[in-house]
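Subject: Structure handover

Hello,

Here is the structure I promised to pass on. Please open it first, then read my notes below.

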Amino acid sequence: MEENNALIQQLSAWSEEMMLRGVSQFTIRDVQLLEQLIRDAQRLQMHFLHELISSVLEAGRRVALGEGQDHEERLLDQYCRLAQYVQISVKTQG
């Protein structure tokens, strides 16, 4: 359970940073971090969280590569879903 909480805390910190930067500032560094967090979610058998992170990562890669406005909108949508999940998870931990 402690590992689950640590993963949620990492995602919480990242989502707050992303909110301050804005999704248009999604970078390769974010891709690398989310790839690690996906592996952690998979290892911890957090399947729904794995799906949420994967969706953000897919759209984020395209934004980081400069593939257009449509992907930025999708990234924002997927980011919001993930951030809401993380926020609810943080509240239930406390």
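**A buried aspartate and its contacts**

Leaving aside neighbours within four places in sequence, Asp 30 is in contact with Trp 14, Met 18, Arg 21 and Gln 25. Keep in mind that this is a predicted model. Asp 30 lies in helix 2. Its relative accessible area is 1%, so Asp 30 is buried. The cut-off for buried is under 20%.

**The core**

Next, the nonpolar core. The largest one has 26 residues. Within this core, Leu 11, Phe 26, Leu 34, Leu 49, Ile 53 and Leu 82 touch the most other members. Four helices each supply at least two of the core residues: helix 1 (2-21), helix 2 (28-43), helix 3 (47-64) and helix 4 (69-93). Helix 3 gives the largest share, seven residues. As a general point, nonpolar side chains tend to be buried together in soluble globular proteins.

Not counting residues up to four places away in sequence, Leu 11 touches Leu 34, Leu 37, Leu 49, Ile 53, Leu 82 and Val 86.

**How the helices pack**

*Helix 1 and helix 4.* The axes are 9 Å apart, and the packing angle is about 130 degrees. The two helices are therefore oblique to each other. The crossing is left-handed. From helix 1, the contact uses Asn 4, Asn 5, Ile 8, Gln 9, Leu 11, Ser 12, Trp 14, Ser 15, Met 18 and Met 19. From helix 4, it uses Tyr 79, Leu 82, Ala 83, Tyr 85, Val 86, Ser 89, Val 90 and Gln 93. By class, the contact of helix 1 with helix 4 has eleven nonpolar, seven polar and no charged residues.

*Helix 2 and helix 3.* Here the angle is about 160 degrees, and the axes are again described as 9 Å apart. That makes helix 2 roughly antiparallel to helix 3. Angles over 145 degrees count that way. This crossing is left-handed. Helix 2 brings Ile 28, Val 31, Leu 34, Glu 35, Leu 37, Ile 38, Ala 41 and Gln 42 to the contact. Helix 3 brings Leu 49, His 50, Ile 53, Ser 54, Val 56, Leu 57, Arg 61 and Ala 64. The contact of helix 2 with helix 3 divides into eleven nonpolar, three polar and two charged residues.

*Helix 1 and helix 3.* Their axes come within 13 Å and cross at roughly 25 degrees. That makes helix 1 roughly parallel to helix 3. The crossing of helix 1 and helix 3 is left-handed. Leu 7, Ile 8, Leu 11 and Trp 14 of helix 1 meet Leu 49, Ile 53 and Val 56 of helix 3. The classes here are seven nonpolar, no polar and no charged residues.

**Two glutamines**

Gln 36 lies in helix 2. With a relative accessible area of 34%, Gln 36 is partly exposed. Gln 36 and Leu 57 are 21 residues apart along the chain, and their C-alpha atoms are separated by 11 Å.

Is Gln 45 buried or exposed? Gln 45 counts as exposed, at 60% relative accessibility. Gln 45 sits in the loop between helix 2 and helix 3. Its phi is near 60 degrees, a positive value in a residue other than glycine.

Best wishes

Definitions and conventions
Residues are numbered from 1 along each chain as its sequence is written. This is a predicted model: local features need pLDDT of at least 70, side-chain atom pairs count only at pLDDT 80 or more; totals for chains, interfaces and linings use all residues. Side-chain values use heavy atoms; hydrogens and water are left out. A nonpolar core is a set of buried Ala, Val, Leu, Ile, Met, Phe, Trp, Tyr and Cys residues joined through side-chain atoms within 4.5 Å. Buried means under 20% relative accessible area, exposed over 50%, partly exposed in between (1.4 Å probe, protein chains only). Contact means heavy atoms within 4.5 Å. Axes are lines fitted to C-alpha atoms, for helices over the stretch in contact, and angles run from 0 to 180 degrees between N-to-C directions. Angles under 35 degrees count as roughly parallel, over 145 as roughly antiparallel, 65 to 115 as roughly perpendicular and the rest as oblique. A crossing is left-handed if the near helix is turned anticlockwise from the far one by less than a right angle, and right-handed if clockwise. Ala, Val, Leu, Ile, Met, Phe, Trp, Tyr, Cys and Pro count as nonpolar, Asp, Glu, Lys and Arg as charged, and the others, Gly among them, as polar.
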